[in-house]
Amino acid sequence: MRDGIYVGQAGADGADNGGWLLGHFMPPGLDVRHSAEVEVKWGVHPAGDTRAEWVTGERRTALLVLVSGRFHVELRDRTVVLTEPGDYVVWGPGVDHSWLAPEPAVVLTVRWPSVAGYRVAAGHPGS
């Protein structure tokens, strides 16, 4: 980082942090990727990948955009199936959710605000 600017590569930068590129979990003071306002994830999911457990008691708003592949967002009352690049779903606080990648998929997730306490079992950090 130089002068408040960071240039990176999403796949490489997110590899050690479950795909997360920006949020409260990035080290404060090191670069502009630390934020309490927003979280951004570049999610690369192999076929059959699923969230380890449901998110309940959600306090954030989330936007999930399909980049490639096919991706299911599981909500308590329905499943949203994203099939075309650019398909997206937005949900707000209080909406329980999970997900499944029936085939290899890449998704971009934006959540706000950035809130601690949503990590699940190893292999699914901050999912």
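**Briefing on a predicted protein chain**

Of the contacts in the protein chain with a separation of 6 or more, 67% are between residues 24 or more positions apart, where contact means heavy atoms within 4.5 Å. The model is predicted, so local features need pLDDT of at least 70 and side-chain atom pairs count only at pLDDT 80 or more, while totals for chains, interfaces and linings use all residues. Residues are numbered from 1 along each chain as its sequence is written, and side-chain values use heavy atoms, with hydrogens and water left out.

**Confidence**
- The protein chain averages a pLDDT of 89, and 91% of the residues score at least 70; pLDDT is the predictor's confidence in each residue, from 0 to 100.
- Over residues 120–127 pLDDT stays under 50, and the model has 23 contacts beyond four places in sequence for this stretch.
- Where pLDDT is low, the predicted coordinates should not be read in detail.

**Overall form**
- The protein chain has 1 helix and 9 strands, these being DSSP runs numbered from the N terminus (helices: H or I, at least four residues; strands: E, at least two).
- The radius of gyration of the protein chain is 14 Å, which agrees with the value near 14 Å for a compact globule with 127 residues; the radius is taken over C-alpha atoms, and the globule rule is 2.2 Å times the number of residues to the power 0.38.
- Of the 127 residues, 39% count as buried, that is, under 20% relative accessible area with a 1.4 Å probe and protein chains only.

**Sheet and hairpin**
- An open sheet is formed by 5 strands in the order β1-β2-β9-β4-β7, with antiparallel pairing; two strands pair if DSSP finds at least two bridges between them.
- The edge strands of this sheet are β1 (20–22) and β7, each of which pairs on one side only.
- Strand β4 (residues 61–68) pairs with β7 in the antiparallel sense over 4 bridges, and Leu-63 has Val-90 in β7 as its bridge partner.
- Strands β5 (residues 71–75) and β6 (residues 78–82) run antiparallel and are joined by 5 bridges, forming a hairpin with 2 residues between them, in which Leu-75 stands opposite Arg-78 in β6.

**Local features**
- Asp-96 lies in the loop between β7 (88–91) and β8 (97–101), and its side chain is joined to that of Arg-76 by a polar contact of 3.2 Å (a pair of N or O atoms within 3.5 Å; within protein, one must be able to donate a hydrogen and the other to accept it, and residues adjacent in sequence count only if both atoms are side-chain atoms).
- The peptide bond from Trp-112 to Pro-113 is cis, with omega near -10 degrees, and Pro-113 is in the segment after β9 (105–112).

Technical notes:
Buried means under 20% relative accessible area, exposed over 50%, partly exposed in between (1.4 Å probe, protein chains only).
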